[in-house]
Amino acid sequence: MPHFEHIRHRPPTSLEAPREMVVVLAPLRSSVNLSRIVRLCGCAGIQQIIQIGPGKVDRNIARDAVDYVHIRQHRSLVPVLEDLAQQGYTRVGLEQTTHSQSLFEYRFPRKLALIVGSEREGLSALELQRVDAVVEIPVYGQPASYNVATAATMAVYEYCKQYPS
């Protein structure tokens, strides 16, 4: 049987090139969720978050990611979605909708804007009209949806699994 030793804080795995992914957050009610998503992006090598509305990042939760991840704040999501399309990003909403595709079957494009809805309302009809695709994460019990930071983590992990370096 192999012998395992805990390695605390192994150095990050190198990426061949910066990730071509931006995480776009609809207004979040919880600074804890925002901070967890900032930490997620730092760990995954995602350098940019676009945050709609105000929000405060808790450094105790986000840790060193606050020094690595650039957060841009905007007032409204719709103009941001239009701008991302002009920049060549494929805009993929993370939401439960009609015609959404399972996260487990969806092939992410490399140049991706992952659009994450707010905790209670998700993405509005107007916002959903401006995405190129929608993925959802199957739920097998109750409650009928995942926490926003948990859902973002699952989607980012799937993207990183498809594009490991």
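Reply: The model is predicted, so local features need pLDDT of at least 70 and side-chain atom pairs pLDDT 80 or more, while totals for chains, interfaces and linings use all residues. Residues are numbered from 1 along each chain as its sequence is written, and side-chain values use heavy atoms, without hydrogens or water. Helices (H or I, at least four residues) and strands (E, at least two) are DSSP runs numbered from the N terminus.

The axes of α1 and α6 lie 9 Å apart, and the packing angle is about 15°. Therefore α1 is roughly parallel to α6. Angles under 35 degrees count as roughly parallel, over 145 as roughly antiparallel, 65 to 115 as roughly perpendicular and the rest as oblique. Each axis is a line fitted to C-alpha atoms over the stretch in contact, and angles run from 0 to 180 degrees between N-to-C directions.

On the α1 side, Asn 33, Arg 36, Ile 37, Leu 40 and Ala 44 take part. They meet Val 148, Ala 149, Thr 150, Ala 152, Thr 153, Val 156 and Cys 160 of α6, contact being heavy atoms within 4.5 Å.

Helix α6 covers residues 148–162, 15 residues in number. From first C-alpha to last, α6 reaches 21 Å, close to the expected 21 Å; the expected span is 1.5 Å times one less than the number of residues. At the start of α6, a side-chain oxygen of Asn 147 comes to within 2.8 Å of the backbone nitrogen of Ala 149. A polar contact is a pair of N or O atoms within 3.5 Å; within protein, one must be able to donate a hydrogen and the other to accept it, and residues adjacent in sequence count only if both atoms are side-chain atoms.

Among the buried residues of α6 are Val 148, Ala 152, Val 156, Tyr 159 and Cys 160. Buried means under 20% relative accessible area, exposed over 50% and partly exposed in between (1.4 Å probe, protein chains only). Besides α1 (31–44), the buried residues of α6 pack against β1 (21–25), β4 (90–94) and β6 (112–116).

Strand β4 holds Arg 91, which is buried with a relative accessible area of 11%. A polar atom of the Arg 91 side chain lies 2.7 Å from the backbone oxygen of Arg 130.
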